[in-house]
Amino acid sequence: MKRETIAPRPDWRAHVERDLGFQFHTIGGALYWDETVCYRFTAEQIDALEAATAELEQMCLGLVDRVIDSGEEAFERLRIPRVAWDAVAGSWAAQEKNLYGRFDLAYDGASPPRLLEYNADTPTALFEAAVVQWDWLQATSPERDQFNSIHEKLIEAWANFDLRGERLYFSAVKAHAEDNGTTEYLRDTAVQAGLLTDRIAVEDIGWDGRQFVDLDNNPIRALFKLYPWEWLVQEEFGVHLLSGVAKVIEPAWKMVLSNKAALALLWEMAPNHPNLLPASLDPNAIAGKQVRKPIYSREGANVQLLDAGRVVAETPGAYGAEGFVYQAHTQIPAFDGNHPVIGSWVVASQPAGIGIREDVNAITSDTSRFVPHYFE
Amino acid sequence: MKKSHSIKLALLGGASMALTACGDDGPPDDARFFAETKECAAVYGDAPCTDAAVKAEETHLVQAPKFARQEQCEAEFGAGNCETRQSAGGGSFFMPLLMGYMMGNMLGGNRFSQPVYRGPDGSAVMNNNGRMFNVGNFGAQTAGRTTSFRPSQASPIARGGFGGSSAAFNSGAAS
């Protein structure tokens, strides 16, 4: 695993905007898509990442089973809102399919990849990983390989959903370029899979007393939402969603995995697993430096690095009301002063590829840069 | 090989455009969708409707979204709803078939008229400067009829019941 400094394509901005429709390559004036560097892996390293990803996904599915078996107590520890318990258990019992997820891994190229967290419900950085870095490789060195068949696997995965010709609405919040870009990319793959699709902003979804409706008052019976379950269920229309009038992707059981308390339950289920870091809801159970993460949080907000109870580093934010999980600190290796986090994708619960975000800070946030990779 | 063999995009990228909900540049409130000039004539009379049909055709030729491949066009507008045309340079491209027009009387005297295409599932899609608006449906029950495309003021439909948390956290929703 090496970090290489490379020459960017001279016209890359115009190219990715025009030919790929990639508009959020620069966020808040700062570079987000960064092709002045890339990471090189060996085939053995990629195999290790793929195997760890498959193993983590199986453990996570095992955890869902365990949580649903143990019922209330586990739901409470995970801070899953009570109103959603029946929907979570029901969607698992009905074996509702899931589309995707992203494991964030710390990896140095030699030790086992370690799970930092699992973005099971609303992962992004998808289009960059699936399409933009693939396009970069094809343009710069097409003879090389990349751990990335995300695009093909997404198109295949849509066949798993039993939509019976129902139109699938793709939904994200208004005025957020990255969320809308990701959602529109997923809709693109669904169109290619032959699905009927439309899109609607989360804020525009209507309720006519019996069913959800779009802006033309047509019924919405199938919904892909890039909007967290734990928010949906606590908002005004949440009770309608939980009544099951619409099929929802991701399914409700992803709530078991999309909160960070799941990290503690994973460690309880598989203590000392080489791909896990010690994690607990009790800070006293974790020896040495620890990272405190809100049970519900997004984009690296409200994370604290603690050393003997003292705050060494932290990120701002408005999360943390539901409590925190404490995870043993692992030093994310630095490459030229940058800390890469491997975002390893599962599509339909199968390993599908990786995308790398690196940051000069040890806590990856939504301002980290996305950098491409290849392996040989 | 662990990389995708090929990637094509149906919606994103160069030739694509996106359907949008009604918003800026949408049709005025009194505008109606007509599949046939004679349906229009019953409402507005022959001459204005013939004028609108000619104008819609002209606008269509200038503003219609153009695609390099038939499947790109059909991904947006549905199978069988696209036609091929010759470009001035001798190549060919694909664009949606003109299937009707939206017409209305705007305040201030200028008549509103814009081309309408058939979209997926028989939906009627209005083109206004390249932005697309769902304005109703073709089909046995609704062909040629005026089709409401905005909820009325007295609509019993509630909206805004989702999205509050994102605003409260002042962030996007994804991670």
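In chain B, 55% of the contacts (heavy atoms within 4.5 Å) with a separation of 6 or more are between residues 24 or more positions apart. The model is predicted: local features need pLDDT of at least 70 and side-chain atom pairs pLDDT 80 or more, while totals for chains, interfaces and linings use all residues. Residues are numbered from 1 along each chain as its sequence is written, chains are lettered from A and ligands numbered from 1 in the order in which they are written, and side-chain values use heavy atoms, without hydrogens and water.

Chain B contains four helices and nine strands, taken as DSSP runs (helices H or I, at least four residues; strands E, at least two) numbered from the N terminus. Their order along the sequence is β-β-α-α-α-β-β-β-β-β-β-β-α. Of the 175 residues in chain B, 45% are buried, that is, under 20% relative accessible area (1.4 Å probe, protein chains only).

Chain A is assigned domain 1 (2–258 + 336–375) and domain 2 (278–328), with bounds from an automatic or database domain assignment. The C-alpha centres of these domains of chain A lie 23 Å apart. In their contact, 18 residues of domain 1 of chain A meet 14 residues of domain 2 of chain A.

One salt bridge is counted between the two domains of chain A, a salt bridge being a side-chain nitrogen of Lys or Arg within 4 Å of a carboxyl oxygen of Asp or Glu. A:Glu117 and A:Lys293 form a salt bridge, with their closest N and O atoms 3.2 Å apart. On the side of domain 1 of chain A that touches domain 2 of chain A, β6 (114–119) and α8 (229–232) of chain A are the elements that give two or more residues. β6(A) gives the most to that side, with four residues.

How values were computed: Buried < 20%, exposed > 50% of the residue type's maximum accessible area, 1.4 Å probe, protein only.
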